[in-house]
Amino acid sequence: MTEAELVEALTSYHDLLFNVLSIYLTVTSGYLAVAYVVGDKLTTHQVIVISVLYVFFALVSTWGAFGYAMRGIDYVEPLQVLNPDQMYYGHPAAAALTALLLLGGILASLSFMWSIRHPRSK
């Protein structure tokens, strides 16, 4: 592949990564809004349904973000060989850290729903 093709592929995977992150943010924001506004009024069945759907879509988004980040990183090494003076961003640790942060967000969101549904008595 030429340098231009490698840059285009890297850019495409980064674009896909940010699109998936947008989906994750949208799904998480929606879940948190529902939890805050009506979480204490929902039946157990309703909470289970919405939480399972949330976890599914958030995990799919997390998996996609990690996969797209790792696939984009595959293009960094050949680019650095072709043009060692140019800085290209991408490291497996960044992909792993992103995935861990998103997984932490899922757990924090579920914890938030739990705290809304089970408030501490004073």
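Predicted model: local features only at pLDDT ≥ 70, side-chain atom pairs only at ≥ 80, totals over all residues.
Biologist: How do you know that the length of helix α2 agrees with its number of residues?

Modeller: Helix α2 runs over residues 44–73, which makes 30 residues. At 1.5 Å a residue the span should be 44 Å, and the end C-alpha atoms sit 43 Å apart, so the two agree.

Biologist: Okay, Gly-72 is in that helix. Why is Gly-72 called buried?

Modeller: Buried means under 20% relative accessible area. Gly-72 has 0%, so Gly-72 counts as buried. Leaving out residues up to four places away in sequence, Gly-72 touches Leu-10 and Tyr-13.

Biologist: And what makes Tyr-68 partly exposed?

Modeller: Its relative accessibility is 28%. That falls between the 20% limit for buried and the 50% limit for exposed, so "partly exposed" it is.

Biologist: Tyr-13 and Tyr-68 form an aromatic pair. Why is the pair called tilted?

Modeller: The centres are 6.2 Å apart, with 40° between the planes.

Biologist: What makes the pair of Tyr-13 and Tyr-75 stacked, then?

Modeller: Here the centres are 6.0 Å apart and the planes meet at 20°. Stacked means under 30 degrees, so this pair qualifies. Tyr-13 is in helix α1, while Tyr-75 is in the loop between α2 and α3, 62 residues apart.

Biologist: Which residues do the ring pairs link into a cluster?

Modeller: Tyr-13, Tyr-68 and Tyr-75.

Technical notes: Residues numbered from 1 in each chain as written. Heavy atoms only, no water. Helix = DSSP H or I, 4+ residues; strand = E, 2+ residues; numbered from the N terminus. Expected span 1.5 Å × (residues − 1). Buried < 20%, exposed > 50% of the residue type's maximum accessible area, 1.4 Å probe, protein only. Contact = heavy atoms within 4.5 Å. Phe/Tyr/Trp six-rings, centres within 6.5 Å; stacked < 30°, edge-to-face > 60°.
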